[in-house]
Amino acid sequence: MKHSDFSIDLLFLSAGGFPYLCTDVGQRTITAIPLREGSGLWRVGPPYAVQEEVFDELAMDSCALSQEDMIRAALMESNNRLIPGYPHEAVMQFMHARIDPDYDAYPNKPLLRLVKVLEGEIYRAYGARNDGEFWTLLCFRLFDNDFAEIPESQFLECPVATDDDYRAKRARM
């Protein structure tokens with residue numbers, strides 16, 4: 001879904017398929033409350049009896065109005081895939097990084113959601129390692145299926161990958 005698809009009181013599904021109620025639409029984000037089974041009193045507000053959650057552009061893009069819409073979007077993405085999938089070995093390494101103590105201690109976790117471009121290569125950050133004074137990000141290089149470590153300061157300066165970056169990388173392969 002796009003930002004313009006949301007309105008206050010809209011019922012939608014998060015990326016995990018959980019139901020939410022949109023409670024506010026901002027300039028770039030929306031807020032929503034998770035819907036719980038049982039009493040509709042959870043929906044009374046503001047203020048609400050449950051914590052509102054903020055959805056940014058990345059989170060909104062993974063939302064849908066129905067299970068059928070989620071399936072359609074997944075099929076369309078699969079048929080028009082610009083972004084390669086992750087091999088099993090990479091997913092296992094991502095999961096191991098999530099249980100590492102450095103991951104818990106890393107203060108800038110939103111940075112780990114981003115896919116960035118460095119020297120024409122596309123990197124997905126998935127973990128962090130503390131080198132004492134500085135942080136190093138553990139990254140997976142898409143298309144080449146290998147791993148790299150990039151200083152946090154360098155990764156932060158890189159632009160976020162766009163569809164054009166994915167197309168350009170595919171064309172170079």
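**Salt bridges and their surroundings**

Tutor: Start with D69, which is partly exposed at 30% relative accessibility. D69 meets R72 in a salt bridge, with N and O 3.0 Å apart. R72 is exposed, with a relative accessible area of 53%. Both residues sit in helix α2, 3 residues apart, or about one turn of the helix.

A word on confidence. This is a predicted model. The mean pLDDT of the chain is 91, and 97% of the residues reach at least 70. Helix α2 (residues 67-79) has the lowest confidence in the chain, with a mean of 81. Strand β7 (residues 135-141) has the highest, at 97. Where pLDDT is low, predicted coordinates should not be read in detail.

How many salt bridges does the structure hold? There are 12. Side chains of opposite charge can pair when their charged atoms come close.

Next, take E57 and R28. Their closest N and O atoms are 3.1 Å apart, and the two form a salt bridge. E57 lies in helix α1 (residues 57-61), while R28 lies in the loop between β2 (19-25) and β3, so this pair ties together parts that are 29 residues apart in sequence. E57 is partly exposed, at 42% relative accessible area. R28 is exposed, at 53%.

Now the pair D146 and R141. Their salt bridge has its closest N and O atoms 2.6 Å apart. D146 is partly exposed, with 27% relative accessible area. This pair belongs to a network of salt bridges that links E121, R141, D144, D146 and K169.

Two backbone details come from loops. F143 has a positive phi of about 75°, although it is not a glycine. F143 is in the loop between β7 and β8 (146-151). F143 counts as buried, at 11% relative accessibility. E119 is another residue other than glycine with a positive phi, near 55°. E119 sits in the loop between β5 (115-118) and β6 (121-130). E119 is exposed, with a relative accessible area of 74%. Most residues other than glycine have a negative phi, and most peptide bonds are trans.

Peptide bonds next. Going from G45 to P46, the bond is cis, with omega near 0°. From P46 to P47 the bond is also cis, with omega near -10°. P46 is in the loop between β3 (30-34) and β4 (53-55). P47 is found in that loop too.

V91 is placed in helix α3 (residues 88-98). V91 counts as partly exposed, at 33% relative accessibility.

Last, the cysteines. How many disulfides does the structure hold? The count is 0. C139 is in no disulfide, and its nearest cysteine sulfur, that of C158, is 8.7 Å away. C139 is buried, at 0% relative accessible area. The sulfur of C63 lies 9.7 Å from the closest cysteine sulfur, in C22, which is too far for a bond. The cut-off is 2.5 Å. C63 is buried as well, with a relative accessible area of 5%.

How values were computed. Residues numbered from 1 in each chain as written. Predicted model: local features only at pLDDT ≥ 70, side-chain atom pairs only at ≥ 80, totals over all residues. Heavy atoms only, no water. Buried < 20%, exposed > 50% of the residue type's maximum accessible area, 1.4 Å probe, protein only. pLDDT = per-residue confidence, 0-100. Helix = DSSP H or I, 4+ residues; strand = E, 2+ residues; numbered from the N terminus. Salt bridge = Lys/Arg side-chain N within 4 Å of Asp/Glu carboxyl O.
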